[in-house]
Amino acid sequence: MKKTLFGLSVFLWAALPAFTQNVVEHAAPGFDIPRAAISHGSIDTISYNSTTVGNPRRALIYTPPGFSRQHKYPVLYLLHGIGGDEKEWLNGGSPQVILDNLYADGKIEPMIVVMPNGRAMKDDRATGNIMAPDKVQAFATFEKDLLSDLIPYVQKKYPVYTDKDHRAIAGLSMGGGQSLNFGLGNLDKFAWIGGFSSAPNTKTPEQLVPDPAAAKQQIKLLWISCGASDGLITFSKRTHDYLQKNNVPHIYYIESGVHDFKVWKNGLYMFSQLIFKPVDTTTFSKYQVAGVPAETNVRNAKYPQILADHRVIFQVKAPEARTVQVDLGRKYDMVKDSGGLWTVTTDSIGEGFHYYSLLIDGVAVADPASETFYGMGRMAAGIEIPGANYYALKDVPHGDIRTRKYFSRVTGAWRQLYIYTPPGYDENTKRKYPVLYILHGGGENETGWAKQGKADLIMDNLIASKKAEPMLIVMPDANVGGTAFDESSLTTFESELKEVIIPLVEKQFRVETDASKRALAGLSMGGIHTLYTGIKNTELFSYLGVFSSGWLQPRQSAVAAAQYDFMKANATTINNRLKALWISMGGKEDIAFKNCQLMLAKLDELKIRYAYSEYPGGHTWPVWRNNLFNFAQQLFK
């Protein structure tokens with residue numbers, strides 16, 4: 001009778017694609033505690049001959065309650081971590097207890113679980129230096145051992161189905177990486193794939209899923225889970241981000257926890273309930289993702305945490321405070337518990353970098369849990385919301401950001417600038433490079449583009465994809481004393497740039513010195529500097545980029561009028577010399593939008609050629625990162 005019912009379930013699975021599947025809940029307390037009054041499966045040791053390694057190897061095998069050789073079973077291959085062996089799950093995770101309890105509650109299909117030693121080498125013990133190159137390589141070699149030796153042995157010795165729809169693979173840490181590598185690399189062998197806290201051995205997403213369309217057709221369930229405070233979470237997230245971008249259905253489950261069996265046992269608990277059953281991909285997005293610590297947190301700080309929908313959870317301990325708020329675009333009131341811990345969850349925050357402050361009894365302070373950045377005229381907390389791929393840290397050649405201290409005869413003071421040199425700069429000693437001089441905004445300094453702007457990663461990725469020419473980017477400090485927007489400050493920085501910075505760069509670095517190989521750009525206040533210096537000096541710059549800027553009206557009306565008079569008298573020269581005057585805004589919510597539109601109307605009147613674009617996001621770093629990404633692709637070609 002059981003065999004007939006199981007066969008019927010397989011038929012219904014294939015025949016009812018509209019099956020409604022409930023979301024599997026996180027394990028409740030007691031899920032891993034043995035129960036006396038239920039049927040139990042068995043754990044045995046098996047030995048199989050490995051032609052891959054050249055000697056017999058061992059694995060543990062779990063057979064379910066009521067196991068009968070008269071029935072066929074699906075198989076889950078469950079892999080351990082880098083410091084374990086075939087007994088790691090047994091000793092640390094009690095898989096037989098978890099599965100027995102689930103079987104008793106009618107939550108899983110009867111299945112055989114094989115727990116092999118994933119270190120495929122003659123001496124496969126987890127002793128000595130477990131990170132030794134030969135031992136690490138053995139985890140990759142296990143793919144051949146698994147496919148050529150272990151699976152055939154199990155199929156010969158046990159009553160199991162031999163098709164991919166009845167075969168699953170999952171693992172923890174190093175085994176999670178193996179599971180993703182082997183499962184996604186052999187879609188004809190595995191239909192159910194799970195990675196719990198997958199380790200750095202996990203291949204890049206592009207290698208794992210080179211053909212997203214094929215993966216969508218062949219995978220029944222792809223599960224990725226991790227602890228929110230696990231230092232290895234980036235490997236799970238990068239895979240998730242790629243799968244999401246390419247519309248490959250998968251479950252991404254992040255729970256509160258670190259790199260330990262608490263997380264891995266729950267991974268097995270949830271994953272095992274989903275495999276070898278009808279699948280409803282519409283439920284995948286309903287799996288909750290616990291907050292992930294922001295990458296801008298100081299080491300070991302659990303908060304702020306970013307939720308899957310980009311809401312942010314903030315916490316701060318301030319038992320004596322009367323009121324605490326988070327100022328992140330808007331002010332959020334925090335709520336205090338009996339222990340003096342204040343907490344709030346924000347609305348969904350846009351991707352990229354954002355400044356924020358804690359307002360403690362009305363005083364703006366930097367969050368001690370966050371890294372700080374010079375912005376808003378002071379050191380301020382900042383938070384990075386996961387976002388666009390073009391500024392992600394990727395496995396591509398990387399350039400350097402260097403600092404130069406120099407004495408300025410213009411300001412009469414020691415100053416500093418940052419310089420990005422592209423990949424290969426030190427090796428290609430005979431090559432000269434074009435230069436982009438790029439300026440920060442008001443209340444910021446030379447660190448802005450290097451830290452908040454991620455200029456180096458943007459350029460590394462563009463150069464690697466051959467979308468931008470290799471170039472140097474010079475990031476000076478445009479704060480030269482005086483009032484930021486007065487003409488005296490604009491004039492002083494013009495002199496600083498022309499008389500000190502450009503000569504210093506051309507003396508100390510291998511750069512082209514022709515105007516056609518020199519560009520100037522800036523955001524907000526830096527955009528005004530670009531207008532003031534760039535338009536008057538087209539013999540020096542062939543490319544100008546103005547981001548979220550425009551003459552301040554009425555404050556700078558006299559300066560603007562003088563420039564418009566200059567443009568009217570020199571329109572032909574300006575248009576002939578400039579290869580690009582690229583102007584961009586962060587949409588209508590950008591605080592500079594109105595001033596920019598007034599300027600554009602005047603440029604049209606004067607017949608000055610320009611290109612204009614908008615990227616939604618207001619007056620923020622996500623917009624300016626995108627501006628650099630697009631502007632850099634137009635330079636020096």
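Of the 637 residues of the protein chain, 55% count as buried. The model is a predicted one. Its C-alpha trace spans about 95 × 60 × 50 Å along the principal axes. The secondary structure comes to 16 helices and 27 strands. Now consider contacts in the chain with a separation of 6 or more: residues 24 or more positions apart account for 73% of them.

Start with a sheet. Strands of a sheet pair through backbone hydrogen bonds, either parallel or antiparallel. Eight strands form an open sheet here, and the pairing is mixed. Read across, the order is β20-β21-β23-β22-β24-β25-β26-β27. At the edges stand β20 (400–408) and β27 (611–614), and each pairs on one side only. Neighbouring strands of this sheet are turned by 20° against each other on average, direction ignored.

Look at single pairs next. Strand β21 (residues 413–421) and strand β23 (residues 472–475) run antiparallel and are joined by three bridges. Y418 stands opposite M475 in β23. Helices pack on this sheet too. One of them is α12, which touches β20, β21, β22 (435–439), β23 and β24 (518–523). The direction of α12 makes about 120° with that of β20. Helix α16 (residues 621–632) also packs on the sheet. This helix touches β22, β24, β25 (543–547) and β26 (580–585). Its direction makes about 160° with that of β25.

Stay with β24. Is this strand largely enclosed or left open by the rest of the structure? Six of its six residues are buried, so β24 is largely enclosed. Both faces are covered. On one side, R518, L520 and G522 are buried. Follow L520 through both pairs. L520 is the bridge partner of Y437, and L520 stands opposite L544 in β25.

Now turn to helix against helix. Two packed helices are described by the angle between their axes and the distance between the axes. Helix α12 (residues 487–508) packs with helix α13 (residues 525–536) at an angle of about 60°, with their axes 10 Å apart. That angle makes α12 oblique to α13. The crossing of α12 past α13 is right-handed. Which residues meet? From α12 come E487, S489, L490, T491, F493, E494 and L497. From α13 come I528, H529, Y532, T533 and K536. By class, this contact has five nonpolar, four polar and three charged residues.

The crossing of α4 past α5 is right-handed. On the α4 side, the contact is made by V136, F139, A140, F142, E143 and L146. On the α5 side, M174, Q178 and F182 take part. By class, the contact of α4 with α5 has seven nonpolar, one polar and one charged residues.

Next comes another sheet. Five strands form an open sheet with antiparallel pairing, in the order β9-β10-β11-β15-β14. β9 (292–293) and β14 (335–336) stand at the edges, each with a single partner strand, so one side of each is left without a neighbour in the sheet. How many bridges pair β9 with strand β10 (residues 305–306)? Two bridges do, in the antiparallel sense. P293 stands opposite Q305 in β10.

Finish with a loop. Where does V396 lie? V396 is in the loop between β19 (378–385) and β20. V396 and N461 are 65 residues apart along the chain, yet their C-alpha atoms are separated by 7.0 Å. Leaving out residues up to four places away in sequence, V396 touches D460, N461 and A464.

Notes: Residues are numbered from 1 along each chain as its sequence is written. This is a predicted model: local features need pLDDT of at least 70, side-chain atom pairs count only at pLDDT 80 or more; totals for chains, interfaces and linings use all residues. Side-chain values use heavy atoms; hydrogens and water are left out. Two strands pair if DSSP finds at least two bridges between them. Helices (H or I, at least four residues) and strands (E, at least two) are DSSP runs, numbered from the N terminus. Axes are lines fitted to C-alpha atoms, for helices over the stretch in contact, and angles run from 0 to 180 degrees between N-to-C directions. Angles under 35 degrees count as roughly parallel, over 145 as roughly antiparallel, 65 to 115 as roughly perpendicular and the rest as oblique. A crossing is left-handed if the near helix is turned anticlockwise from the far one by less than a right angle, and right-handed if clockwise. Contact means heavy atoms within 4.5 Å. Ala, Val, Leu, Ile, Met, Phe, Trp, Tyr, Cys and Pro count as nonpolar, Asp, Glu, Lys and Arg as charged, and the others, Gly among them, as polar. Buried means under 20% relative accessible area, exposed over 50%, partly exposed in between (1.4 Å probe, protein chains only).
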